[in-house]
Amino acid sequence: MHIAFTRQLDAMITDEAHTLVLAYRGGAERELGAAIADRERFTQQGARLYYAVFDSEGRRRFGSLHTPMPALGMHDISFVDPAEGPDEARGLAVELPGHQRLLVAADREWVEQIDDTVLATFAVGFVLLIGLGLGGALILGGYLRRRLNVIGGAAEAIITGDLRRRVPTTGRD
């Protein structure tokens with residue numbers, strides 16, 4: 001499941017990066033900066049996206065993503081989240097004309113929260129299953145112990161010479 005959510009995150013990042021690259025090619029650098037500013041202003045907290053455009057020397061020109069310029073491609077990156085401090089994200093760096101680099105990244109926190117929820121659910125289910133198994137074993141063990149004690153008592157009586165004793169039977173035998 002983790003892999004599926006990571007793939008979904010990668011697809012979301014890739015789509016966003018390609019949309020911004022098309023905006024850059026269709027307009028100008030200033031329009032790219034405005035598009036990034038708009039996206040950062042209206043972003044949601046769930047799958048928050050972060051943006052940065054770096055010049056050829058690795059200096060951040062646009063966007064609020066505080067991280068060094070990464071290599072091209074999809075990477076796990078470290079960044080400084082203004083609210084949380086150092087954090088991990090998944091990011092895609094693509095080359096722009098003029099030796100600039102666009103980085104679109106998504107905080108992995110929601111994927112980690114889903115992982116934690118799934119793990120906690122399985123842990124609770126496992127504990128309940130173990131408890132159910134132990135409870136069933138105790139009940140069955142008690143029932144068998146009582147039955148064997150009755151049989152053992154009758155066998156002891158017969159061994160000592162009391163031939164009138166019989167092993168009691170019930171209708172469920």
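In the predicted model, T67 touches F54, I77, S78, F79 and L103, leaving aside residues up to four places away in sequence. T67 is placed in the loop that runs between β2 (60-62) and β3 (73-81). With a relative accessible area of 14%, T67 is buried, because buried residues are those under 20%. S78, one of the residues touched by T67, is 11 residues from T67 along the chain, and the C-alpha atoms of the two are separated by 6.7 Å. A polar atom of the T67 side chain lies 2.7 Å from the backbone oxygen of S78.

F79, also among the residues that T67 touches, takes part in an aromatic pair with Y50. The structure holds one aromatic pair. The ring centres of Y50 and F79 are 4.8 Å apart and the ring planes stand at 50°, so the pair is tilted. Y50 belongs to strand β1 (residues 49-54) and F79 to strand β3, so the pair ties together parts that are 29 residues apart in sequence. Y50 counts as buried, at 3% relative accessibility. F79 likewise counts as buried, with a relative accessibility of 3%.

R101 is located in strand β5 (residues 100-107). The relative accessible area of R101 is 16%, so this residue also falls under the 20% limit for buried residues. The side chain of R101 is joined to that of E95 by a polar contact of 3.4 Å.

On the surface, a nonpolar patch is formed by L140, Y143, L144, L148, I151 and V167. Together, these residues have about 530 Å² of accessible area. I151, one of the patch residues, lies in helix α3 (residues 109-159). The relative accessible area of I151 is 38%, and the residue is partly exposed. This value lies between the limits of 20% and 50%, which is why I151 is classed neither as buried nor as exposed. T67, by contrast, is buried at 14%, and R101 is buried at 16%.

Notes:
Residues numbered from 1 in each chain as written. Predicted model: local features only at pLDDT ≥ 70, side-chain atom pairs only at ≥ 80, totals over all residues. Heavy atoms only, no water. Patch = residues over 30% accessible without salt bridge, like charges linked within 9 Å, V, L, I, M, F, W, Y side chains within 5 Å. Areas by Shrake-Rupley, 256 points an atom, 1.4 Å probe, with all protein chains shown as cover. Salt bridge = Lys/Arg side-chain N within 4 Å of Asp/Glu carboxyl O. Helix = DSSP H or I, 4+ residues; strand = E, 2+ residues; numbered from the N terminus. Buried < 20%, exposed > 50% of the residue type's maximum accessible area, 1.4 Å probe, protein only. Contact = heavy atoms within 4.5 Å. Polar contact = N/O pair within 3.5 Å; in protein donor to acceptor, adjacent residues only side chain to side chain. Phe/Tyr/Trp six-rings, centres within 6.5 Å; stacked < 30°, edge-to-face > 60°.
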